[in-house]
Amino acid sequence: MNAPTKPAIVVPLLHTTPGFETDGRSTCPIREVLDRVGDTWSILVIINLQEQPVRFNALKRAIEGISQRMLTVTLRSLERDGLVTRTVRPTTPPEVEYGLTGLGQSLAVPIASLGGWAASNRDRMRQAREAFDLGA
């Protein structure tokens, strides 16, 4: 008699995927991208710009805890990497608006996957953290 078995979950072996292969400069794509979007603010900026371009002050109000300086630095870095566009309208005072490029918009899929994983596993991580702290 054969007992039903659970289908095996296939987990990719990450170091064998193209995102982890080093290039001629001894860096891998995932490290370079995580250096850019893995900071405290970049993903929050990308999330807030996904639906439509936003003016600087509206973006600052939407991202709790970000300073004006950090928002400026983050936006400039994202713009430098081709993820964000900066549009200045010739009004008095000048109106500056930020939006995502096509490349920036393409980050929505992996960010959504990470968000889904976080929602599914946050409680398990909290429980593991509590158990670890109790045993420490």
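The side chains of glutamate 97 and arginine 89 are joined by a polar contact of 3.2 Å; such a contact is a pair of N or O atoms within 3.5 Å, where within protein one must be able to donate a hydrogen and the other to accept it, and residues adjacent in sequence count only if both atoms are side-chain atoms. This is a predicted model, in which local features need pLDDT of at least 70 and side-chain atom pairs count only at pLDDT 80 or more, while totals for chains, interfaces and linings use all residues. Residues are numbered from 1 along each chain as its sequence is written, and side-chain values use heavy atoms, with hydrogens and water left out.

Glutamate 97 sits in strand S3 (residues 95–100); strands (E, at least two residues) and helices (H or I, at least four) are DSSP runs, numbered from the N terminus. Glutamate 97 counts as buried because its relative accessibility is 18%. Buried means under 20% relative accessible area, exposed over 50%, and partly exposed in between (1.4 Å probe, protein chains only).

The whole structure has 5 salt bridges, each a side-chain nitrogen of Lys or Arg within 4 Å of a carboxyl oxygen of Asp or Glu. Among them are these:

| Pair | N to O distance |
|---|---|
| Arginine 36 and aspartate 81 | 3.0 Å |
| Glutamate 95 and arginine 55 | 3.7 Å |
| Arginine 89 and glutamate 97 | 3.2 Å |

Glutamate 95 in strand S3 and arginine 55 in strand S1 (residues 54–55) are 40 residues apart. Arginine 36 is buried, at 15% relative accessibility, whereas aspartate 81 is partly exposed at 33%. A network of salt bridges links Arg36, Asp39 and Asp81.
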